[in-house]
Amino acid sequence: MLHFYNTAGRKKEKFIPIKKGFVKMYTCGPTIYDHAHIGNLSTYLFMDILRRYLKFSKYKVLDVMNFTDVDDKTIKFSKQKGVPLKKYTKKFGKSILNDFRKLNINKPKIICKATKHIQEMINLIEILLKKGYAYQASDKSVYFNISKFRNYGKFAKVKRKKLLNGASGRILSDEYNKENVSDFVLWKTWDKDDGNVFWNSPFGKGRPGWHIECSAMSMKYLGPSFDIHTGAVDLIFPHHQNEIAQSEAATGKKFVKYWLHRGFLQVNKNKMSKSLGNLYVLDEILKKVDDPMAFRYLVLTSHYRKSLNFTFSSLKSSKRALDRIREFTERVLSQQNKSKNNKKNLIEIKKETKKARNNFIKAMDDDLNTSKAIAGIFNFVNKINKLIDKNMVDKGGIKLIYLFIKEIDQVWGFLIPKKQKASKTKHKDKIKELIKKRNKLRQLKNWEKADKIKTKLIKMGVELKDTSQKTIWKIK
Ligand code: AMP
Ligand code: ZN
């Protein structure tokens with residue numbers, strides 16, 4: 001049975017989704033003012049493994065991630081570069097999706113940009129004003145009154161006596177620490193530094209605060225109550241505490257059932273920062289170890305709640321370990337043409353794969369214990385290698401082993417090298433033929449049949465993009 005450590009109760013709990021068999025989850029995504037650093041990416045890798053494991057466990061998953069494309073930082077940097085905000089943030093939105101592709105992070109079903117949801121944020125602020133949880137101050141900005149929300153501070157374990165509200169403790173900046181717990185901004189009134197970045201609202205021209213963005217967008221797509229919310233530990237306070245306050249004050253319902261937080265990634269035991277010169281983006285680390293899967297592997301070797309100490313030597317060892325697993329996969333594939341079948345041998349392989357599968361599930365069910373689950377893979381690899389050495393694995397056995405690897409690779413995403421996946425599906429002519437057929441059907445407006453072909457192509461690992469002139473495709 002799946003268990004997660006829930007930050008809300010600070011303990012491991014059984015995972016029981018609100019609706020049986022269905023999981024709704026939200027991840028606090030990037031602020032797209034720069035390329036994502038490897039710390040951000042470690043959090044998205046955690047989101048990815050969580051989602052993949054939920055699917056492996058037969059849940060249907062609806063997942064949402066926000067892209068913060070308006071805030072103090074995006075405005076400041078776009079101004080510095082002299083590029084309009086929209087154009088500036090678009091570049092970094094693309095950059096992170098590129099990183100996702102390289103790291104085999106599945107794209108969330110819904111990615112929502114803050115600037116496309118201003119109305120939803122205004123609506124939520126209006127409710128909070130109407131219910132008396134928010135007020136417009138003399139500076140014209142709208143603030144959340146923390147003293148009105150009885151449980152403010154409970155989630156983040158912030159002492160109530162430290163709470164300041166009203167004019168003495170009002171905070172306009174989106175980020176602050178536990179020392180200045182205070183009324184936080186929902187709508188920032190326009191000031192000249194914002195330039196042409198503003199929206200009109202019933203509270204005057206301005207822009208939303210960062211916290212309201214996640215409440216408005218998560219509830220738009222997932223409803224007032226949903227199952228899982230993720231992010232890294234830095235977001236527990238104030239961001240997630242504020243999301244809870246805003247959402248629950250507005251709806252009167254419990255906002256999120258399970259809060260899962262990733263530990264921080266550090267570099268050589270130091271906090272990553274530009275001033276220390278140890279802030280890396282993916283392309284920088286790939287210059288030293290040219291295999292994005294090595295970083296994926298490295299992140300997954302330690303438990304997600306622990307802080308992860310990144311070093312280049314650990315990245316290199318990850319690459320070596322990963323290569324060993326892949327050599328095994330290749331060895332298994334190369335044995336596929338074996339002919340004879342020996343019943344006794346097959347029983348042995350069945351036993352080993354079943355044991356390995358059970359161990360995998362046991363480890364992952366325990367709050368996604370990926371480090372234990374990876375140790376299990378090595379156990380399996382060693383055992384099977386020995387059996388292959390002794391010529392005890394026949395055709396049927398190889399098939400079982402390969403099916404098992406394929407099955408768990410839906411979660412790991414690094415066991416089978418991409419080129420092998422591609423070579424298996426690289427029936428280029430077949431793909432071209434199907435695309436041609438689909439386009440004909442589209443011209444005839446036979447959407448149903450066209451969609452069936454699209455589904456088939458997706459299953460073959462093909463990514464499609466329809467432009468007005470043609471269909472662009474590639475093998476994932
Ligand atoms: P940001 O773009 O700063 O809003 O961060 C995007 C995501 O990355 C959030 O979920 C953060 O909690 C997470 N994050 C930021 N820094 C780190 C880090 N050093 N290690 C792990 N996650 C991080
Ligand atoms: Zn958020």
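In this predicted model, a backbone N or O atom of L265 lies 2.9 Å from a nitrogen atom of ligand 1. Two further polar contacts of the ligand can be set beside this one. A polar side-chain atom of T43 lies 2.7 Å from a nitrogen atom of ligand 1, and a polar backbone atom of T31 is 3.2 Å from an oxygen atom of the ligand. The table lists these contacts.

| Residue | Atom of the residue | Atom of ligand 1 | Distance |
|---|---|---|---|
| L265 | backbone N or O | nitrogen | 2.9 Å |
| T43 | polar side-chain atom | nitrogen | 2.7 Å |
| T31 | polar backbone atom | oxygen | 3.2 Å |

Around ligand 1 there are 17 residues, of which N40, T43, A232, D234 and L265 come nearest.

Strand β11 belongs to an open sheet of five strands, ordered β5-β4-β3-β11-β12 and paired in parallel. The edges are formed by β5 (110–113) and β12 (256–262), each of which pairs on one side only. From one strand to the next, the twist averages 20°. Helix α5, residues 210–222, packs on this sheet and touches β3, β4 (60–67), β5 and β11. The direction of α5 makes about 150° with that of β4. M25 stands opposite I228 of β11.

H240 is a residue of helix α6, which spans residues 236–251. Is H240 buried or exposed? Its relative accessible area is 0%, under the 20% cut-off, and therefore H240 counts as buried. Leaving aside residues up to four places away in sequence, H240 touches C28, F155, H229, T230, G231, L235, W259 and H261.

Elsewhere in the chain, strands β15 (residues 462–466) and β16 (residues 471–475) run antiparallel and are joined by five bridges. A hairpin of four residues leads from β15 to β16. In this pair, L464 stands opposite W473 of β16.

Helix α9 runs through residues 312–334, 23 residues in total. From its first C-alpha to its last, α9 reaches 32 Å, close to the 33 Å expected at 1.5 Å a residue. Buried residues of α9 include F312, L315, L322, I325, F328, V332 and L333. S314, S318, A321, R326 and T329 of this helix are buried as well.

Terms used: Residues are numbered from 1 along each chain as its sequence is written. Chains are lettered from A and ligands numbered from 1 in the order in which they are written. This is a predicted model: local features need pLDDT of at least 70, side-chain atom pairs count only at pLDDT 80 or more; totals for chains, interfaces and linings use all residues. Side-chain values use heavy atoms; hydrogens and water are left out. Helices (H or I, at least four residues) and strands (E, at least two) are DSSP runs, numbered from the N terminus. The expected span of a helix is 1.5 Å times one less than its number of residues. Buried means under 20% relative accessible area, exposed over 50%, partly exposed in between (1.4 Å probe, protein chains only). Two strands pair if DSSP finds at least two bridges between them. Axes are lines fitted to C-alpha atoms, for helices over the stretch in contact, and angles run from 0 to 180 degrees between N-to-C directions. Contact means heavy atoms within 4.5 Å. A residue is near a molecule or strand if one of its heavy atoms lies within 4 Å of it. A polar contact is a pair of N or O atoms within 3.5 Å; within protein, one must be able to donate a hydrogen and the other to accept it, and residues adjacent in sequence count only if both atoms are side-chain atoms.
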